[in-house]
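Hi,

Here is the structure I promised to pass on to you.

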Amino acid sequence: MSNVPSPTVTLEGDSPDAAHEAVSSSSSSFVPVEIQDAIQIIDEHKQFNKQILDYISSRSRQPGDYRIISVFGSQSTGKSTLLNHLFSTNFDVMDEVNRQQTTKGIWMAVSPGVSNSLPANAHVPPENILVMDVEGTDGRERGEDQDFERKAALFALSTSEVLIVNMWESQVGLYQGANMGLLKTVFEVNLSLFGKAKLQNNDHKVLLLFVIRDHLGVTPMESLAATITQDLLRIWEGLNKPADVAHLAFDDFFDLAFHTLSHKVLQNEKFLDDVRSLGNKFLDTSSESFLFKPNYHHDIPIEGWTMYAENCWDQIDHNKDLDLPTQQILVAKFKCDEVAAQCFEEFAKVSHELKNVAVSATQSTEPIDYKDTGLGFQDMKQSVLEDYDLGASKYNKSVYQQKRATLAEKIDSTLQDVFAIYAKHLVTTSLKAVSAGLSRKTRSGTFVEAMEKLKQSSAHDFSQALALISLDGALDTRPFEKEYLAELEQLVSKQQIVELNSILSKALKKLNNGLSTCFVEELANPSELTWDHILEKFRGLSKSALQKYETEEGDYDFRLGTLPSMNKRALKTFDFKSWELLDNLIHKYISKDNLLNILKDRFDDKFRYDENGVPRLYQNTKELEGSFSESKTHALKAFPILTVARLSDGTEVIPKYDVRDKKLKRQYETVREEKEAEEEDEDEWDSEDDENQRAFAELLSESEKAEVMAKFKREMDAKFVETKRSIMQHVTQIPYYIYIVILVLGWNEFMAILRNPFFFTLLIMLAGATYVMYSMNLLGPASIVVQRMANEALGLAKEKLREFVVDDHMQHGHNMKKMTTNDIELDDLSEEST
């Protein structure tokens, strides 16, 4: 093998001197990364090199995916030579003169290209291939110490995608020569450690690629492959398997592939062709024999793989229980959490400002464009997730997706607070629009039709606007939808109550107008049937007020979409308010003062006017007294009728409700929600009960009746006295003979008047006026007025004369001044005194 040259690969950035100074893989010390073609990842003292990632980063052709290949086999079987020819690496090969160990520990190199027979430029793999050269087994340097051999083999098996098992054709069928004993130990440890992952439906496998060296062709490769397969299956069946993984088969963990190489020295060209043929299997993705299957990959990026490899070796070396897929997931979780934290930290910086913008927007009077707001949410979330995808998508897919979902949930949770601000504002504005629409006086159609149309329109607009800012349903809209629907139903219910109270108010107003007219008519001429008429009118008006809402079944439907229970409560409220209205009207028209006025009017109608409505002029006291007694009796006939509401059959008017009960008044004040009514019923009322409260039919108390009677008697007596005085003044007149004396003595003056046209015309007019007053029975009242005027004039003259004749000079002077001010001439006074 010493005659086989080991190709020297000069990588980009390496000088020839640096390549010449490359350290041999037989060295056991770590060296700086810049001057080596390969790096020792684990030395012979079992120390792990933490500079692997730096080496890979400096030697990788381009950032991207990677593939891990390792070689396993006996010492001095040409493993390093195979890797150098196949992957263009520069591992040291064995010194055939000294026949000593070459590779110590485990080395790694980045393949610059794969030997192949494909078209030009096809030797460069699309992915970085990392090749590990593992220290050979059964070396004389280790002797019987197989601890490192087992650990190195298990490490290669746990971290590689493809494990090349390098053996001679002559070793096929041998137990120790083919390392079957070591493989059995590795398989047992592998099963005990990897079995738990398989129980979790993990489809990860490792490809065991058996490369059979110095194949002469006498024994077909198929026969050699069958022998190796049988040996492996036999080993697998003989393993000590834990009970929980005893059912797992060999092919649940491994795939097998085989390739033969000709003798390197005797058939060098054929050997190189076989190597290139093997290289084709690593490059030609369209071939069925392509070796890099997706389920061989560890699903972590290269920086995660280095962490994973270090953890594997640490646990293998310290004999710890190892679950490799869990380690992969831990690496993925660590890296994905790190990327997610960075992305969320950037997002958190702008989320606070986003909340301030939301508060300002909802407080502004300008309408909010929810479509633009929702697109802003989506762009922000998508930007954060894209940053996360860029840094974490190269890790384990399930972990990446899980952490992505967690990050999305955190973003949604943060945006949920901002979303809540907009959603609450949307609920408020939508309900205001519905309220304005419901309270609008001009409607097309009935209230129910308008209400349903408005509800559907508002609900559609609300749901659409809410969906625009909900990140396609990622944000929880249910609380706000529930709140909106509840508030909407409550708003509609309140408006229904408003409309229902409006209907009752109109009905009560109609009832009030009808009853007021009835009261005026009945109180104008009270009789025993007065309360029968009022009660009959009350019942008729009460029934007709809501008659148009009565159904064929006898129930009431106010055409507002209200529940039957609400309609019944409205009907009870109307009944109570109707009786309360009747009670108010009774006490409005029949109070103390009104009753007194009614009695006075009835007295005056009888006392002052006759049956024909002509004013009466009493000639004597007897006629006056008879009329007074009759008028008083007529007036007082209405007193018992208007002080007690009693029907013609003698029974008192009894209302359906106690309209003076404060609790009932509060209960039936307006139509309200059933819940409010129930809560009010449960309230404790602190109202004071009026123990002396009179019955509904008792319109005036006894004291009030006595007061009215006293006033009526007093005022009527005054009228009687006044009328009697006027009669006496009319009766005590001048004797008739005086008129004859006046006629005789004033005959000349009378004739002078008759001869004067002016005085004669005036006399005719006075006579005509007197006749008219006589025909209208107004002479009595006119004479009374003239008499009173004369009496007033006489009294005033006496007062002035008294002031004038007072025997006091100062007072006399003052009186003279006063008389002058009042335009009273002294000459006139002298004539009067005379």
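Predicted model: local features only at pLDDT ≥ 70, side-chain atom pairs only at ≥ 80, totals over all residues.

Salt bridges first. A search of the whole structure turns up 26 of them. In one, the side chains of Lys381 and Asp412 come together at 3.0 Å, N to O. Lys381 belongs to helix α10 (residues 370–392) and Asp412 to helix α11 (residues 397–439), so this pair links distant parts of the chain, 31 residues apart. Lys381 has a relative accessible area of 14%, which is under the 20% cut-off, so it counts as buried. Asp412, at 12%, is buried as well.

Asp604 and Lys719 form another salt bridge, at 2.5 Å, N to O. Because Asp604 lies in helix α16 (residues 592–607) and Lys719 in helix α21 (residues 702–731), the pair ties together parts that are 115 residues apart in sequence. Both Asp604 and Lys719 are buried.

Arg478 and Asp476 also meet in a salt bridge, at 3.0 Å, N to O. Here Arg478 is exposed, with a relative accessible area of 61%, while Asp476 is partly exposed at 30%. There is a salt-bridge network too, linking Lys592, Glu707 and Lys711.

Now the surface. A nonpolar patch of about 1,100 Å² includes Leu743, Trp747, Phe750 and Leu762. Helices α23 (747–755) and α24 are the elements that give two or more residues to this patch, and α24 gives the most, with seven. Leu762 sits in α24 and is partly exposed, with a relative accessible area of 38%.

A positive patch is formed by Lys506, Lys510, Lys548 and Arg559. Arg559 is found in the loop between α14 (530–545) and α15 (564–589), and its relative accessibility of 44% makes it partly exposed.

Met776 is in the loop between α24 (757–775) and α25 (779–804) and is partly exposed at 48%.

Best wishes

Methods. Residues numbered from 1 in each chain as written. Heavy atoms only, no water. Helix = DSSP H or I, 4+ residues; strand = E, 2+ residues; numbered from the N terminus. Buried < 20%, exposed > 50% of the residue type's maximum accessible area, 1.4 Å probe, protein only. Patch = residues over 30% accessible without salt bridge, like charges linked within 9 Å, V, L, I, M, F, W, Y side chains within 5 Å. Areas by Shrake-Rupley, 256 points an atom, 1.4 Å probe, with all protein chains shown as cover. Salt bridge = Lys/Arg side-chain N within 4 Å of Asp/Glu carboxyl O. Lys, Arg positive; Asp, Glu negative; His and termini not counted. Charge placed at Lys NZ, Arg CZ, Asp CG, Glu CD.
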